[in-house]
Amino acid sequence: MTSDILAKNTKTTCPYCGVGCGVDVTTINADKRIIAVSGDDHHPANYGRLCSKGAALAETVGLEGRLLQPEINGQPTDWDHALNHVADKFKQIIADDGPDALAFYASGQLLTEDYYVANKLMKGFIGSANIDTNSRLCMASAVAGQKRAFGSDTVPGSYEDLEKASFLVITGSNTAWCHPIIFQRIRAAKENNPSLKIVVIDPRRTATCDIADLHLPLKPGTDTLLFNGLLAYLADHGNLDLIYLEKHTQGFGEAVEKARETSPTIPAVAQLCMVDPEQIATFYQWFAATKKTVTLFSQGVNQSSSGTDKVNAIINCHLATGRIGREGMGPFSLTGQPNAMGGREVGGMANQLAAHLDLENPDHVDLVSRFWQSPTIARKAGLKAVDLFDAIYAGRVKAVWIMATNPVVSLPNANHVKAALAKCEMVVVSDCIAETDTSAFAHVKLPTTTWAEKDGTVTNSERRISRQRAMLPIPGAARHDWWILSQVAQRMGYKDAFSYDSSADIFREHAALSAFKNSENEAPRAFNLSAFADIDKKTYHNLEPVQWPVTRLKNGIIQGTARFFGDGKFLTSNQKAKFVTVETPDPGNVANGEYPLLLNTGRIRDQWHTMTRTGLAPKLCQHFTEPFVEVHPEDAARFSVVDKKIARIISQHGEMLARVLVTKNQNPGSIFVPIHWTEQLTTQGRVGPLVNPVVDPISGQPDSKHTPVFMEVYDAGWYGYILSRRSLVITEAEYLVKVRGEQYFCYELAGKHTPKHWAEKTRDLLCEGDPQHVQWVEYFDNAAGTYRGARLKDGHLESCIFVSPSTDLPEHNWITTLFLKAQLSEAERASLLTGKPPIGQEDIGKVICACYGIGENTLRKTINEKGLHSVDEIGHSLKAGTECGSCIPELKQLLNEK
Ligand code: SF4
């Protein structure tokens, strides 16, 4: 696409979380890739708001680090060679070892059209169901739980139900950081309706607790016990909807009997969940008394060895009270990824068929086979993510095509994934980024388009389909994923079935399949886009956000669907919802003598997945600059780890280093580490290698929240950091984290033994072999093991280094501002050696407000000096919290601490 045919103003969708916010983009200079973004006022997911990640999208669209040419074995090649190479190898493997020797590993980052083609190729034409996706790590348990209860994978409600509820249960979700715009909608709803009660259920005291009336810090893995206790309470206190139970459900008797067995009384539940019994009683009373109740859940529920049971324990309580599919009521699964829901629609997981049809159902297989005119459709489920990489390791899968994801970072037991890829006969990676931890193992790299260039659809957590539209030209030889997949398919001999010209062609076929044999008379299915089965390109281009199912009324009007099951009719064979009797097995991963702590993993506020895009935006890299481990003070003392120093965390599978953050927000006995850091950015900061590959037996979702670990102090002999205008290769530090800033890179460093001759070494490192043309200022105290040096060129700061035997290093932020100056004053040069800001300047501290770059020190000082009492007053004084609002919980915490 050339830049002159791109629109100046584009409505598109944010590529990060499952909220699916609408984004207005103004293309300022397409060739220089300069855009401006703002929230789309008319998009029903966000009504004009964007969180810190969405608001920083314009900083992520440059070409730095992009893969722009196909490569075979590290050598650039053209598309013809690359595509033939892949197709020929796949054909050879199928001929020699059968279709199950191939696998695709896809992603919730793919657009629905890309996903559809991948699934059609693997399941319909290669004839294996070995296509799984990183959505397996995200919401597979929600899918399985919903299918068991409703007979279909259907989220019953809409975001507006969160605002219309009178009682909101948020469980296993740090909504404030992971789905920030949903959190802001809830906060606004509470401000408008102070009687809205909110309970947050989470072992950690997260930022989401900022709006909670009650926080239940339950013991990890005991969610089913808590909700079984609620079911028993509702039954024992006459809070059931008996008419609803009779008419619209089945299996209540067995479910409540089991619930009474596992969770007989509030004191028993309190003991099992390790929560104050009064808090449990309050939660149960509020739930019992409030008709309009929504239970919002996410990865804290799904990522568990009993995740599917947890989902059903929640749904059981809503069925028992008839609170499903009506305004302000229902269980609500928040998807993690931008198109996890779209992937489910096209059957992107190994145990699904397209269009919400089932691989286990021969009629469904026959239906899809007829629609695709598929010669060799798969007839049994394929390998789920963890099993798939085990099969690669074992040599049963000979070739894998990994699309838009980074499993060497994100899968559990990630070093095993590495070992599997190292052994694999052929690894194909299609990605927009050239160097990732996963592409390091690729025999073939295929360059793809990314957010600013893509064209297609995504579906968010409330079933809303929205368009992603391109606003920048496609660079180099990059191509859309659907095009690459179609080309390989054609070269494998499936030309007619994959002769698409545009994403609109694919969407039309996807919609037509959803409508195929799907009517009131023919076992109707929930997923239905019949209104789009003949959509033309122009209508597709202009498609407005709409919730499926989307049907055409007799008067021709196209209509989406806000809610399901309000009429009490479910998609089971007898149209009744099913209670599922849930046991409460011990969590798969139990702490023990050797590994006495439980490791919990998750996202942080300003980063997305493996940081390949958010890591490009300086303002998103300042909130947390390093992999960290949150530790309760009791555990810090018990394991002799110290705030701001480094800890080594060890599991049965691997180990990592992380900066210690001692906090009472963490419960004793468990620690928290974020998921984002990769080997591109750290030496030992990946948490994936530690995570236990235990999976839920039904959903196959890994238990990423409870890995037994040991923790010990990392006995660093020295600490330091380097700030440099250019990217460096540093080999001296055992601990290294690279962070991007505005016109600089920061390298956090530590090691056991202080390198000898730091001064000489850093001169070589920082001088680019041109020491004559730079000016050095430096200070070293060999006896104390302290070294400070700065390199200036033409009066401006090029780089500087600080080394110390302790963590008592100069604060960073005032030094980073020197990189924005054309000339350093004498006072500023001197301050580089003293390690203290020049008189009149202060370090802003850790950045809290990413939008305006306001740091903790500035906030604390202003709060104290001006006697500020509210977030509004902070906003008035400093603007912090007034743009995206993602930092408001932290601002409140600072106010509470004053
Ligand atoms: Fe993007 Fe933030 Fe909206 Fe999620 S909440 S879709 S990350 S803007």
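How do the residues of the lining of the second largest pocket divide into nonpolar, polar and charged? I counted classes and got 12 nonpolar, 16 polar and 12 charged. For the classes I took Ala, Val, Leu, Ile, Met, Phe, Trp, Tyr, Cys and Pro as nonpolar, Asp, Glu, Lys and Arg as charged, and the others, Gly among them, as polar.

**Ground rules.** This is a predicted model: I kept local features at pLDDT of at least 70 and side-chain atom pairs at pLDDT 80 or more, while totals for chains, interfaces and linings use all residues. Residues are numbered from 1 along each chain as its sequence is written, and side-chain values use heavy atoms, without hydrogens and water.

**The pocket.** I worked on a 1 Å grid over the protein atoms alone. A pocket is an open set of points with protein on both sides within 12 Å along at least five of seven lines; a cavity is a set where a 1.4 Å probe fits but cannot get out. Lining residues have an atom within 4 Å of a point. Points are joined across faces, edges and corners, and a volume is the space filled by probe spheres set on them.

The second largest pocket holds about 1,100 Å³. I listed 40 lining residues, with Asn518, Pro524, Arg525, Ala526 and Leu571 nearest the centre. Helix 16 (residues 362–372) gives the most to this lining, 3 residues. Helices here are DSSP runs (H or I, at least four residues), numbered from the N terminus. Domain 2 (71–138 + 339–505) and domain 3 (140–333) each supply at least three lining residues. The domain bounds come from an automatic or database domain assignment.

**Domain 1 against domain 2.** I looked at their meeting place next. Their centres, taken over C-alpha atoms, are 27 Å apart. I found 21 residues of domain 1 in contact with 17 of domain 2, contact being heavy atoms within 4.5 Å. The buried area is about 1,600 Å², and carbon and sulfur atoms give 57% of it. Buried area is the accessible area (1.4 Å probe) that two parts lose on being put together, summed over both.

How many salt bridges cross this interface? The rule finds 1. It asks for a side-chain nitrogen of Lys or Arg within 4 Å of a carboxyl oxygen of Asp or Glu. I also noted a salt bridge between Glu453 and Arg33, at 2.5 Å, N to O.

I then turned to the second largest cavity, about 120 Å³. Its lining has 16 residues, and Thr60, Val61, Arg66, Thr450 and Arg613 are closest to its centre. By class I noted 9 nonpolar, 3 polar and 4 charged. Why does this cavity lie between domain 1 and domain 2? Both give residues to its lining.

Conventions:
Helices (H or I, at least four residues) and strands (E, at least two) are DSSP runs, numbered from the N terminus.
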